[in-house]
Amino acid sequence: MNRPRLPCLLVIFLGAAVPALEAQSLRATRYGGEPGAFVRHTDRPAFHPQGGLTIEAWVWREDATRCETVLAKDFNDSWWLGFCPRLRFYQGQGVFVDATRDVPSRQWCHVAVTSGAGGEVRFYIDGDLAGIGQLPAPFASDESPLTLGAEVNGAFRLHGHLDEVRLW
């Protein structure tokens with residue numbers, strides 16, 4: 001019997017893994033930027049977006065001048081969402097687009113990026129459109145794990161908090 005293929009939705013909810021330093025971060029996971037202080041999902045290496053993807057997260061950055069990872073598959077060979085210092089989406093091999101607005105430090109912001117089958121990338125900050133760009137399609141297939149708060153090799157470590165990270 002053939003079953004219809006349903007879109008894949010991976011929702012990652014982050015709880016308070018360490019005591020929060022500030023009232024606004026009581027339920028979020030804090031990333032202090034230390035080596036090894038990130039989440040690696042090794043059970044999801046086969047996730048390959050077909051026709052595009054959407055990523056969204058609540059972020060609280062300590063310093064808005066740093067290059068930091070929100071969620072990534074592989075910076076060099078697949079895709080990466082983070083800040084450098086603006087919200088940036090990489091599609092591997094040095095190909096990327098940036099948002100046109102900054103995400104401020106030391107306050108909660110909701111960020112999102114959508115990337116469609118035709119390569120159009122849209123950024124949203126607190127629900128407002130924050131830039132449109134174009135990347136080549138399709139995404140590269142890569143067997144790297146999903147990571148939160150740093151690149152798979154530990155680079156671009158986040159100094160701040162993440163909450164309600166979603167990928168589909």
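Guide: A charge is said to sit over a ring if NZ of Lys or CZ of Arg is within 6 Å of the ring centre and within 35 degrees of the ring normal. This is a predicted model, and in it R88 lies over the face of F96, at 3.9 Å from the ring centre. The charged end of R61, in turn, sits over the ring of F83, 3.9 Å from its centre.

Visitor: How many aromatic pairs does a search of the whole structure find?

Guide: A pair of aromatic rings is described by the distance of the centres and the angle of the planes. The search finds 6 aromatic pairs, among them that of F75 and W80, which is edge-to-face, with 5.4 Å from centre to centre and 90° between the planes. The rings of F75 and Y90 have their centres 4.2 Å apart and their planes at 45°, so this pair is tilted. Since F75 lies in the loop between β5 and β6 whereas Y90 belongs to strand β7, the pair ties together parts that are 15 residues apart in sequence.

Visitor: What should I look for in the largest nonpolar core?

Guide: In soluble globular proteins, nonpolar side chains tend to be buried together. Here the largest nonpolar core has 29 residues, and those with the most contacts inside it are I55, V59, F89 and F123. Among the elements that give two or more residues to this core are β4 (52–61), β5 (68–72) and β13 (159–167), and β4 gives the most, with 4 residues. Leaving aside residues up to four places away in sequence, I55 touches L71, W79, L81, F89, V111, A112, V113, R166 and L167.

Visitor: With which strands does β5 pair?

Guide: β5 pairs in the antiparallel sense with β6 over 4 bridges and with β12, also in the antiparallel sense, over 2 bridges. A72 stands opposite W80 in β6 and opposite T147 in β12. As for its covering, 5 of the 5 residues of β5 are buried.

Definitions and conventions
Residues are numbered from 1 along each chain as its sequence is written. This is a predicted model: local features need pLDDT of at least 70, side-chain atom pairs count only at pLDDT 80 or more; totals for chains, interfaces and linings use all residues. Side-chain values use heavy atoms; hydrogens and water are left out. A nonpolar core is a set of buried Ala, Val, Leu, Ile, Met, Phe, Trp, Tyr and Cys residues joined through side-chain atoms within 4.5 Å. Buried means under 20% relative accessible area, exposed over 50%, partly exposed in between (1.4 Å probe, protein chains only). Contact means heavy atoms within 4.5 Å. Two strands pair if DSSP finds at least two bridges between them. Rings of Phe, Tyr and Trp (its six-membered ring) pair if their centres lie within 6.5 Å; planes under 30 degrees apart count as stacked, over 60 as edge-to-face and the rest as tilted.
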